[in-house]
Amino acid sequence: MTADLLTGVRSVLFAHAHPDDETLASGGLIAELVARGIHVTLLTASRGERGEVVAGPLSHLAGTEALSIERERELAGALDVLGITEHYWLGTPPARAAGQPERHYRDSGMVWVREGVAGPADDAATDALARAELADVTADVAALLRTTQPDLVISYDDHGGYGHPDHVRIREAAVRASAQTGIPFAELLDEPAPDARWFELEHRRTTMTDALRWHASQLTVFGDEVVHSGGQREAIRPSVGLRIVEAATISSVTDEHELVTER
Ligand SMILES: [Zn+2]
């Protein structure tokens with residue numbers, strides 16, 4: 001399945017936790033797929049309300065409702081650059097289980113457990129994504145998959161990339177929803193692995209960087225790096241790996257999966 005992962009794939013749905021994740025974790029790949037004529041749909045789980053704001057002209061938005069609106073605007077700009085024309089928010093139909101009232105999944109916030117590994121904030125709101133029932137989140141993702149019927153679903157690896165509880169949550173929901181709807185699921189890897197397909201995407205760096213500039217409340221672009229609002233530096237890496245997660249593996253994952261096992 002590795003070499004021909006995209007054979008016959010005409011549409012892909014990416015499931016991400018917050019605005020900016022789509023570009024940071026998969027911007028190069030999204031631009032590549034769009035250039036290949038593959039239809040890309042994005043599902044974003046929360047508006048990143050808990051994120052810190054880059055010091056400067058947008059600082060006053062921290063902790064306000066206006067930050068959600070600004071992040072929606074930033075995301076729309078980034079999606080324009082990446083070539084995504086179809087976007088959904090988790091909890092809003094069609095990304096909402098039939099018969100359920102619309103809901104907003106809020107950003108859960110995070111604390112650094114140790115260098116490079118995040119865990120949930122102690123004061124995550126009751127309507128936070130990481131506190132939502134996994135079955136409910138899964139039902140919402142599955143509702144969207146039934147409507148959009150992508151050929152492939154892509155989200156983070158089982159650590160959510162770096163352990164953010166919202167990333168882990170949306171990844172767990174996406175693997176289950178994919179299994180329920182019979183759609184293949186692939187996880188994003190940031191280095192090559194024997195059982196993964198590696199996409200060398202240096203030629204998408206400019207597009208990815210231009211999309212990242214839109215997320216100005218969250219990060220600042222400096223050459224080949226971004227600096228996050230909290231001061232962490234991160235290299236811009238267009239190249240990624242994709243590894244298919246077989247449905248058999250998915251069903252063995254317990255619903256009581258600990259959000260963070262690193263403590
Ligand atoms: Zn995120």
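Q: How do the residues of the lining of the largest pocket divide into nonpolar, polar and charged?
A: In this predicted model, the lining of the largest pocket comprises 15 nonpolar, 15 polar and 15 charged residues. Nonpolar here means Ala, Val, Leu, Ile, Met, Phe, Trp, Tyr, Cys and Pro, charged means Asp, Glu, Lys and Arg, and polar means the others, Gly among them. Local features require pLDDT of at least 70 and side-chain atom pairs pLDDT 80 or more, while totals for chains, interfaces and linings use all residues. Residues are numbered from 1 along each chain as its sequence is written, and side-chain values use heavy atoms, without hydrogens and water.

Q: What volume does the largest pocket have, and which residues are the closest to its centre?
A: The volume is about 1200 Å³, taken as the space filled by probe spheres set on grid points joined across faces, edges and corners. A pocket is an open set of points on a 1 Å grid over the protein atoms alone, where a 1.4 Å probe fits, with protein on both sides within 12 Å along at least five of seven lines; lining residues have an atom within 4 Å of a point. Of the 45 lining residues, W112, Y162, H167, H228 and E234 are the closest to the centre.

Q: Which elements each supply at least two residues of that lining?
A: The contributors are α1, β4 (110-114), β7 (185-189), β11 (233-235) and β12 (240-245). They are DSSP runs numbered from the N terminus (helices H or I, at least four residues; strands E, at least two).

Q: Why are α1 and α5 called oblique to each other?
A: The axes of α1 (residues 21-35) and α5 (residues 205-213) come within 8 Å and cross at roughly 135°. Axes are lines fitted to C-alpha atoms over the stretch in contact, with angles from 0 to 180 degrees between N-to-C directions. Under 35 degrees counts as roughly parallel, over 145 as roughly antiparallel, 65 to 115 as roughly perpendicular and the rest as oblique; α1 and α5 are therefore oblique.

Q: Which residues make the contact of α1 with α5?
A: T23, L24, G27, G28 and A31 of α1 make the contact with T207, M208, A211 and L212 of α5, contact meaning heavy atoms within 4.5 Å. They divide into five nonpolar, four polar and no charged residues.

Q: What makes α2 and α5 roughly antiparallel to each other?
A: Their axes cross at roughly 165° and come within 8 Å, and α2 and α5 are therefore roughly antiparallel. In this pair A78, V81 and L82 of α2 meet T207, D210 and A211 of α5.

Q: At what angle do the axes of α1 and α2 cross?
A: The axes of α1 and α2 (residues 65-82) cross at roughly 35° and come within 9 Å. E22, T23, G27, I30, A31 and V34 of α1 make the contact with L75, A78, L79 and L82 of α2.

Q: What is omega for the cis peptide bond of P93 and P94?
A: Omega is about 10° for this cis bond, and P94 lies in the loop between β3 (86-89) and β4.
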